[in-house]
Amino acid sequence: MKQQQIRNFAIIAHVDHGKSTLADRLLNLTGTVSSRDMREQFLDSLDLERERGITIKLKSVRMTYQGYTLNLIDTPGHVDFSYEVSRSLAACEGAILVVDATQGIQAQTLAHVQKAQELGLTIIPVLNKIDLPTAYAEETKADLVSTFGFLDSDILAISAKTGAGVQELLTEIIKKIPAPTGLANEPLQALVFDSYYDEHQGVIAAIKVTAGQLSQTKMLAKHSGEAFDPIQIGVNSPKPTTVENLSTGEVGFVATGLKDLSAVRAGETLTTRDNPATQALPGYKEAKPVVFMSVYPNSGDDFLNLKKALEKLRLTDAALSFTPESSSALGFGYRVGFLGLLHSEIIGERLERDFGIALIYSLPSVAYEVTKTNGETEVINSPIDFPDPSILTEVREPWTMLSIIVPNQYLGPSLDLVKEHRGIIGEIKYFSASKVLVAAEMPLKELIIGFFDELKSVSSGFASLDYELGDYRAADVVKLNILVHNEVVPALSELIIRDQAEAEGRKILGRLKENLPRQQFAVSLQAAIGGHIIAREDLQTYRKDVLAKMSGGDQRRKDKLTDLQKRGKKKMRLIGKISIPADAYRKILAANS
């Protein structure tokens, strides 16, 4: 294949702006997928992707059009999966920027464009959904010109749903996106932009050949040093199709036969063993989890099933991390790291749906940096591991850099909400007649405990949000313990800012009081920081009428029975144990997540 006739591009867009629908239309118009076989969200293979209407995993597909090979790398739109977007863009020379003409520029639009510009990609701006009566195409086009500096004549107006303008877009892709660079006579260098596991073929690496030619020869992964002989070389068009080789600039896949996903991770450079490349390609930063939860099976018998399920999910999701932990109340489980709350929801749903495991989750937390009096620095993501305050000199929490786009009329409530969540307002930029861009900084913990939902609420659903991780800053973080009948319940412990501890403690105690079954003795519910009790509730006794079967009789006998009951309850208060039912845990944690 001639290198000059290859076009590698991605589609980037804010969530729900029509990216998957446009991908469907391109597949149909190029004849890659026939009208008979076409279905909505064709590239979204996961059930959850189709149900939620979002793309979670990036995919690549080869199309042929007017003698050109078009390699589309489909990308997620949600901020939790922005690491997938950055990987796919690095394998492209161009990007189609899709903007919903009914909604205009959104926060993630800005983030995606910035990333594409940093990589030097050619961007083709596209207005989608122009067929809708609520579209304001001219205003949105003006915003794109003023915000990104596009020329008015460069912006295409299309309807991915009806197909209007998509034929012209295909022509623009061929005309404007440059052919891939790279020398065909150099030693092989192939960039792995994604990898996943197949039970029969082992690790399958999605690749772009940046130099040389990839064929059935002995291969080497430069970073890991793993050697392998390819089982299959192929392209997705859209079904996996075997090819003899992949030349410079082409996108495809290599089935390695390896059984360890860590041997060929995204960012790896593949080369040949006989004539290896001298240097590895730059690769990617490894995705780091930012939200942590403890996950326990509802039934202790499911612990091994949970372990196997997490291991299987990690084979297709390298960003998922987990380590075993145990709780006296909940038994054995795992501390699981996610890229965000949506990522955690997706994994949770897949565990329960695909593997049939009922789960209990702890409250979401973030990773804190702690410096001890001996000078050691440690990263803590679980309240269980939080050191004694007496040996700490400083605790630092992660902060994020926010970009919020909101209509003018909702600016005031949105700014107030940022401040309520310990945010710091930065630059406020009016980039159109009706919308404002707010730059702000906020602790990550505040962001993950409902900020986005509250922002949608105060803006009537019109605000959009994007964020990236910033630095760590000193904070007065304490460990909030919940005690039931004077015993700490580790699953309800939480790392929290001291000023918020009392209110949070009272909230959890209230939920406990509502959901714990009453006992035959009074039970104290307490929230504490160290040895200091900051909040308390009492679960009243469940009274059993010991005189119910007595229809008469001597009063002294009745007094003896009631006195015996009192002494029994007093003894139970001293030695009694409280078992919190799993269902109560679910209700308590769900109400506070």
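**View 1. Phe150 is buried, at a relative accessible area of 11%.** Buried means under 20% relative accessible area, exposed over 50% and partly exposed in between, with a 1.4 Å probe and protein chains only. Phe148 also counts as buried, because its relative accessibility is 16%. This is a predicted model: local features need pLDDT of at least 70, side-chain atom pairs count only at pLDDT 80 or more, and totals for chains, interfaces and linings use all residues. Residues are numbered from 1 along each chain as its sequence is written, and side-chain values use heavy atoms, with hydrogens and water left out.

**View 2. Phe148 and Phe150 form a tilted aromatic pair.** Rings of Phe, Tyr and Trp (its six-membered ring) pair if their centres lie within 6.5 Å; planes under 30 degrees apart count as stacked, over 60 as edge-to-face and the rest as tilted. The count comes to five aromatic pairs. For Phe148 and Phe150, the centres are 5.6 Å apart and the planes 45°.

**View 3. Phe303 and Tyr334 form a stacked aromatic pair.** Their centres lie 5.3 Å apart, with 5° between the planes. Phe303 sits in helix H7 (residues 303-316) and Tyr334 in strand E19 (residues 331-338). The pair links distant parts of the chain, 31 residues apart. Helices (H or I, at least four residues) and strands (E, at least two) are DSSP runs, numbered from the N terminus. Both Phe303 and Tyr334 are buried. Ring pairs join Phe303, Phe322, Phe332 and Tyr334 in a cluster.

**View 4. Helices H1 (residues 19-29) and H6 (residues 166-176) pack at about 80°.** Their axes are 10 Å apart. Axes are lines fitted to C-alpha atoms, for helices over the stretch in contact, and angles run from 0 to 180 degrees between N-to-C directions. H1 and H6 are therefore roughly perpendicular (65 to 115 degrees). Leu22, Arg25, Leu26 and Leu29 of H1 meet Val166, Gln167, Leu169 and Leu170 of H6. Contact means heavy atoms within 4.5 Å.

**View 5. Strand E21 (residues 368-372) pairs with strand E22 (residues 377-380) in the antiparallel sense.** Two strands pair if DSSP finds at least two bridges between them; E21 and E22 have four. Tyr368 stands opposite Ile380 in E22. Four residues lie between the strands of this hairpin, and Gly375 in the turn has a positive phi of about 90°.

**View 6. E21 also pairs with strand E23 (residues 392-407), again antiparallel.** Four bridges join E21 and E23. Thr371 has Glu394 of E23 as its bridge partner. E21 is mostly covered, with four of its five residues buried.

Terms used. Angles under 35 degrees count as roughly parallel, over 145 as roughly antiparallel, 65 to 115 as roughly perpendicular and the rest as oblique.
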